[in-house]
Each structure stands twice: as C-alpha cells, then as structure tokens.
Amino acid sequence: MAVQYRKLTETELEAFIEIRIRQLREEGAAQELDLKPALRDYCNRHMADGTFVSWLAADGERIVGTSGMSFVERPPHFGCPNGKMGLLSSMFTARDYRRQGIAKELLSRVVNEARDYGCGDVQITASDMGVLLYTNFGFVKNGNFMQYKISG
C-alpha cells in the first residue's frame with residue numbers, strides 16, 4: 001500500500017502523542033513523568049487556535065511518520081519584519097519506513113504551512129539523525145543560537 005499524507009486531527013491525536021513520546025525516548029530522553037496530558041493539552045489548544053499543525057504519513061491505518069510546526073511571534077527584526085516564526089518538532093519516521101523520502105515530504109508540507117502562515121523563518125533543534133535531512137532541505141546552522149535551561 002502506498003503511503004498517504006494527511007493533516008493531524010483529533011481522531012489521530014492519541015496515536016500522535018504515543019509516537020511523540022516514542023520519538024523522545026529514541027532520542028535519549030530519560031525522564032519518567034507522564035507527558036501525555038501536557039501533550040494532549042498543547043495539541044488541543046494550539047490546533048484549535050491555528051498555531052500548531054502536523055502532517056502525518058500513513059500506510060493504511062498505521063501512522064508511519066509525523067511532523068509538527070508551532071507558530072510563534074517574537075519582536076520584528078530585519079531578518080523577519082513581521083516577527084512570525086515556525087518551530088519545527090515531532091519529525092519522526094518508523095524504522096521500517098526510513099530512507100524512503102517520507103521525512104522529506106512531511107518537512108516540505110509543514111514548511112509550506114509556515115510559509116502560508118507568514119513565517120519569516122523556521123527553527124529546529126535537530127537530532128543527530130536529522131541533521132542531514134535538514135541540511136539537504138536548506139536549513140543552515142545558526143552559530144548565534146544559545147539556550148538557557150530554566151528548570152531541571
């Protein structure tokens with residue numbers, strides 16, 4: 001069966017959340033708190049107000065790939081006069097579906113969503129596995145990016 005692409009809806013939300021948690025674990029997350037309620041709340045609120053969108057790849061009923069784009073605003077600057085930016089997340093492809101162009105297609109779809117929303121740029125904190133995908137797509141490393149962790 002051919003892989004089909006569709007936007008995330010409430011119908012697939014629980015499966016999306018399970019995949020997001022599996023992705024975080026695969027990337028090395030070790031915390032043992034129940035993240036499901038927070039993810040459910042985030043997705044419900046931001047899907048409703050249009051500030052989060054996700055495209056899914058499915059083989060029949062099985063979701064084999066996910067993506068996510070959150071839209072935020074920051075003070076306008078010369079590189080982005082309207083201040084709108086996209087934060088890419090939840091990029092995941094099931095192991096047995098990798099290297100088939102699914103992630104590239106999902107990335108293209110959520111970047112187009114960011115363009116349609118009016119974003120001036122898209123940012124991601126890439127896993128080691130994803131760096132080549134993003135570089136080949138046209139993402140460049142920003143040497144000025146720094147992060148300060150507020151809580152533990």
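In which strand is the place of threonine 66? Threonine 66 lies in strand S4 (residues 62-73); helices (H or I, at least four residues) and strands (E, at least two) are DSSP runs numbered from the N terminus. The model is predicted, so local features need pLDDT of at least 70 and side-chain atom pairs count only at pLDDT 80 or more, while totals for chains, interfaces and linings use all residues. Residues are numbered from 1 along each chain as its sequence is written, and side-chain values use heavy atoms, leaving out hydrogens and water.

The side chain of threonine 66 reaches the backbone oxygen of serine 90 at 2.7 Å. Beyond four places in sequence, threonine 66 touches residues including Phe16, Trp55, Ser90 and Leu106 (contact means heavy atoms within 4.5 Å).

Relative accessibility is listed below; buried means under 20% relative accessible area, exposed over 50%, partly exposed in between (1.4 Å probe, protein chains only).

| Residue | Relative accessibility | Class |
|---|---|---|
| Threonine 66 | 2% | buried |
| Cysteine 43 | 2% | buried |
| Cysteine 80 | 1% | buried |

The count of disulfides (pairs of cysteine sulfur atoms within 2.5 Å) is 0. Cysteine 43 has its closest cysteine sulfur in cysteine 119, at 17 Å, which is too far for a bond. Cysteine 80 is in no disulfide either, the nearest cysteine sulfur, that of cysteine 119, being 7.3 Å away.

The buried residues of helix H2 are Leu39, Cys43 and His46. They sit on the same side of H2 because they cover an arc of only 85° around the axis, taken from the directions from the helix axis to the C-beta atoms. Their cover includes helix H1 (13-26) and strand S2 (52-53). Just after H2, glycine 50 takes a positive phi of about 80°.

Notes
Polar contact = N/O pair within 3.5 Å; in protein donor to acceptor, adjacent residues only side chain to side chain.
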